[in-house]
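Please view the sequence and the structure together while reading.

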Amino acid sequence: MYYIAVFDGDKDSSQNTFLLLNAILHELTFEYTIDTYSCRQDLLELIRKNPAYYDVVFVDIPPEDTSAVELCRDLNALHMTARIVFLSSVTDYVFDGYDVGAINYFVKPIDRAKLKRLLYADYQSNCLSRKILVPIGAGHIQLSPDYIVFLEVINKTVRVRYEKDEEFLKSTLSSIKKYFEPFYFLQCHRSYLINPKFIKQIMRTSLIMTNGDTVPISKYRYKELINRFHDYLEPPNSHDSDE
């Protein structure tokens with residue numbers, strides 16, 4: 001699934017962007033969802049709960065109004081992992097785009113062909129490439145770790161829990177755990193591996209995930225879980241390097 005957000009204080013304008021994105025993504029036959037926001041606090045609140053929820057956030061910058069640029073800075077301060085794309089009827093905010101790490105800047109009217117190329121390249125680079133081949137029984141299965149909320153051992157099977165779905169693999173947690181380590185999955189219990197980007201709340205004996213599921217925390221793993229989760233949230237440029 002490809003998760004996209006559109007922020008625009010003008011609801012009519014955001015609807016136009018939604019329709020354009022929807023048409024292009026439908027042509028590309030991607031599985032996707034598009035959410036539109038006209039209230040900055042709504043988007044900030046979602047990112048505060050789950051910094052990795054979206055893949056791309058399109059931000060419309062109106063002329064002579066830098067509040068949308070400030071929104072991008074606030075989103076980055078929350079460690080949002082989504083790529084940012086600027087939309088505007090003027091070119092005044094190009095350098096602001098560099099400052100907030102925007103991957104592209106579209107001047108309205110948006111060039112449909114260029115937008116389609118951007119979406120295709122971004123999806124190929126950041127979604128399709130993040131797949132792993134996991135051994136099960138006598139064969140293998142391809143999984144997308146970014147969309148897995150947690151893995152749970154049940155008898156001699158592994159339950160793969162997604163936000164709204166699940167599947168069961170004939171395997172053991174010990175045999176597939178190493179395949180998820182590069183994606184920073186954390187072991188909170190001997191029977192569970194969790195994806196930290198879906199953590200909503202950490203309590204002393206359990207985790208509440210963003211899809212509403214509750215996952216237990218072993219008392220022996222609580223401290224390590226907290227430390228590793230802090231490491232996960234730490235921004236990449238938080239350490240100064242000596243040159």
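## Basis of the description

Helices (H or I, at least four residues) and strands (E, at least two) are DSSP runs, numbered from the N terminus. The model is predicted; local features need pLDDT of at least 70, side-chain atom pairs count only at pLDDT 80 or more, and totals for chains, interfaces and linings use all residues. Residues are numbered from 1 along each chain as its sequence is written, and side-chain values use heavy atoms, with hydrogens and water left out.

## Annotated regions

The record assigns "domain: Response regulatory" to residues 3–123. This span is 48% helix and 22% strand, and its end C-alpha atoms lie 10 Å apart.

The record also lists "domain: HTH LytTR-type" for residues 132–231. Here the chain is 18% helix and 45% strand, with 23 Å between the end C-alpha atoms.

Most residues other than glycine have a negative phi, and most peptide bonds are trans. The loop between α3 (67–77) and β4 (83–88) contains H79, a residue other than glycine whose phi is positive, near 65°.

The loop between β5 (104–107) and α5 (112–128) holds P109. The peptide bond leading from K108 to P109 is cis, and its omega is near 0°.

Two strands are said to pair if DSSP finds at least two bridges between them. Strand β6 (residues 132–136) and strand β7 (residues 139–143) run antiparallel and are joined by five bridges. L133 has Q142 of β7 as its bridge partner. Two residues lie between the strands of this hairpin, in which G137 takes a positive phi near 55°.

Strands of a sheet pair through backbone hydrogen bonds, either parallel or antiparallel. An open sheet of five strands has the order β10-β9-β8-β12-β11, with antiparallel pairing. Because β10 (166–169) and β11 (186–189) stand at the edges with a single partner strand each, one side of each has no neighbour in the sheet. From one strand to the next, the twist averages 20°. Axes are lines fitted to C-alpha atoms, for helices over the stretch in contact, and angles run from 0 to 180 degrees between N-to-C directions.

Within this sheet, strand β8 (residues 148–154) pairs with strand β9 (residues 157–162) over six antiparallel bridges, and I154 has T157 in β9 as its bridge partner. β9 is also joined to β10 in the antiparallel sense, by four bridges. These two strands, β9 and β10, form a hairpin with three residues between them; V158 is bridged to L169 in β10. Helix α6 (residues 173–180) lies across β8, β9, β11 and β12 (192–194), and runs at about 160° to β8; contact means heavy atoms within 4.5 Å.

## The three-stranded sheet

A further open sheet has three strands in the order β13-β14-β15, paired antiparallel. β13 (199–202) and β15 (214–216) are its edge strands, each with a single partner, so one side of each is left without a neighbour in the sheet. On average, neighbouring strands of this sheet are turned by 25° against each other, direction ignored.

Three bridges pair β13 with strand β14 (residues 206–209) in the antiparallel sense. Opposite I202 stands L207 in β14.

A cavity is a set of points, on a 1 Å grid over the protein atoms alone, where a 1.4 Å probe fits but cannot get out; lining residues have an atom within 4 Å of a point. Grid points are joined across faces, edges and corners, and a volume is the space filled by probe spheres set on the points. The structure holds one cavity of 30 Å³ or more, and the largest cavity has a volume of about 50 Å³.

Which residues line the largest cavity? The lining consists of Y3, A52, Y53, D55, Y147, E163, K197 and F198. Five lining residues are nonpolar, none is polar and three are charged. In this division, Ala, Val, Leu, Ile, Met, Phe, Trp, Tyr, Cys and Pro count as nonpolar, Asp, Glu, Lys and Arg as charged, and the others, Gly among them, as polar.

Technical notes: 1 Å grid on protein atoms, 1.4 Å probe; cavity = no way out; pocket = protein on both sides within 12 Å on 5 of 7 lines; lining within 4 Å. UniProt positions renumbered as here; feature names shortened; annotations may be inferred.
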